[in-house]
Amino acid sequence: MKPHFWPLSSLEMTCWGQPVVFRCRSERGTDVQYAWYRVGKPNNIILHTSTDLHLHCSNITEDSQLFCLASNDVSSQSSEFISLQILQPADKNCVYLISSKALSSYDCIRSTTSLSTSTQTTEELLSSATVSQLTWSQNKTMSWSGLPLWYECLRWLLFSAMITILYVVLTCLKSTSRRLMAQVKHPKHI
């Protein structure tokens, strides 16, 4: 069977240069061995012999096409291609985009500084404009830290509740301690 791959984390994390792991599996077959390749000329280049492929800025140096090969003694089949496109290299706060027919698409769009046209060639200007005039648009429910907005809200809500409970406990302890001190200083006689 043709192997299938899927990401183990959100692809949008590539917009901040965060690593992404892909897993490759075949539905059928015994003693299946998996390997990840980068399309090369004249020969494909083996990247990793495992079901999982770890992608991060340090190992993405150029735009490329990747695929998973599942093989055993009977046959071998390759997966659909994964396309990697570097939007901003690793030495400049890495941003990369992953696309494939087998995956849903997303956009890595960021907003950075304005461009100075006096020292840039037209080619540099066009490539810079693609990255620098962009805004994060795919998932409006993500916070600035890259976590889902609901998770950030829940974290802050729980933090606020913890601080409130701590304040109430300390206030109660303080008033109880004052009352006990007052009783010690002025005991009631029966």
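The model on screen is predicted, so local features need pLDDT of at least 70 and side-chain atom pairs count only at pLDDT 80 or more, while totals for chains, interfaces and linings use all residues. Residues are numbered from 1 along each chain as its sequence is written, and side-chain values use heavy atoms, with hydrogens and water left out.

Now show the sulfur atoms. C24 and C68 are joined by a disulfide with an S to S distance of 1.9 Å, a disulfide being a pair of cysteine sulfur atoms within 2.5 Å. The torsion about this S-S bond is about -90°, so the disulfide of C24 and C68 is left-handed. Because C24 lies in strand β2 (residues 20–25) and C68 in strand β6 (residues 64–71), the pair ties together parts that are 44 residues apart in sequence; helices (H or I, at least four residues) and strands (E, at least two) are DSSP runs, numbered from the N terminus.

The link of C57 and C94 is left-handed, with -90° about the S-S bond. C57 sits in the loop between β5 (52–55) and β6, and C94 in the loop between β8 (82–88) and β9 (95–99), so the pair ties together parts 37 residues apart in sequence. C57 counts as buried at 14% relative accessibility, and C94 counts as buried at 8%.

Turn to the aromatic rings, of which the whole structure holds 5 pairs; rings of Phe, Tyr and Trp (its six-membered ring) pair if their centres lie within 6.5 Å, and planes under 30 degrees apart count as stacked, over 60 as edge-to-face and the rest as tilted. Select F5 and F22, whose ring centres are 5.8 Å apart with planes at 80°, so the pair is edge-to-face. F5 belongs to strand β1 (residues 4–7) and F22 to strand β2, 17 residues apart. F5 is buried at 6% relative accessible area, and F22 counts as buried at 0%.

Finish at W150, which is placed in helix α2 (residues 149–185) and counts as exposed at 58% relative accessibility.

Terms used: Buried means under 20% relative accessible area, exposed over 50%, partly exposed in between (1.4 Å probe, protein chains only).
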